[in-house]
Amino acid sequence: MTISKAQIFNITLNILGVSTPLENANCTDNRAILLNNYYELARDFVLKDFDWNFASAYKTLSLFEQDTPIKQFSCCYRYPNDCICAREVFKNNDSKLQKFVITSMDNGDKVILTNAQNAVLRYTRRVEKEVFFSCEFSMALSYYLASLTSSVLTGSLQKGEMAYEKYQKLLRHSKALNAQEGIDVIYDDNTYLEARG
């Protein structure tokens with residue numbers, strides 16, 4: 001099932017007890033204008049708040065031209081433009097995780113410092129097209145958006161607090177669902193037979 005921004009806005013309104021839907025996300029309705037004001041920040045916040053499978057990406061990092069500002073790290077890499085949150089760094093062709101820090105250079109460029117040569121970053125990327133959102137993410141975003149906009153849309157801080165509590169519960173549930181996708185350890189038949197023998 002694919003979802004649109006208008007659907008996310010209407011789910012947000014329903015969460016807050018507003019039953020009249022928006023025709024589309026870009027209409028001149030004051031509710032749509034308010035939701036659009038918060039939307040990108042809310043989307044990026046929810047992306048960063050959890051390591052969503054659908055937004056996970058890998059990138060071989062590009063070296064930054066300047067020397068590393070912290071001498072305990074030998075390599076300084078550019079922070080990817082679409083990165084919402086850096087999750088793990090490892091050497092190319094090696095799954096061993098490497099220590100890293102995120103900092104900014106004097107000119108404001110964000111960089112990744114590590115000792116890994118040919119470093120690969122696993123990160124949460126910015127996903128802007130709603131068609132790629134998972135259903136769990138769409139629901140979490142709707143509840144988070146409701147928590148941010150409740151006082152203006154309904155005049156109720158309590159509804160916003162309840163929406164935020166539900167958002168936190170959805171994140172916990174999403175962690176369990178995320179964990180069901182993929183596999184960490186591969187068992188071969190020989191290992192199983194030896195264990196039984």
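**View 1. Gln 168 within helix α4.** Gln 168 has its place in helix α4, residues 157-179, where helices (H or I, at least four residues) and strands (E, at least two) are DSSP runs numbered from the N terminus. This is a predicted model, in which local features need pLDDT of at least 70 and side-chain atom pairs count only at pLDDT 80 or more, while totals for chains, interfaces and linings use all residues. Residues are numbered from 1 along each chain as its sequence is written, and side-chain values use heavy atoms, with hydrogens and water left out. Gln 168 is partly exposed because its relative accessible area is 24%, given that buried means under 20%, exposed over 50% and partly exposed in between, with a 1.4 Å probe and protein chains only.

**View 2. The covered side of helix α4.** Among the buried residues of α4 are Gly 160, Ala 163 and Tyr 167, and what covers the buried residues of this helix includes α1 (5-15), α2 and α3 (135-154), where contact means heavy atoms within 4.5 Å.

**View 3. The open sheet.** Four strands form an open sheet in the order β1-β7-β3-β4, with antiparallel pairing; two strands pair if DSSP finds at least two bridges between them. The edge strands, β1 (56-60) and β4 (97-98), each pair on one side only. Strand β3 (residues 83-91) and β4 pair over two bridges in the antiparallel sense, and Phe 90 has Leu 97 in β4 as its bridge partner.
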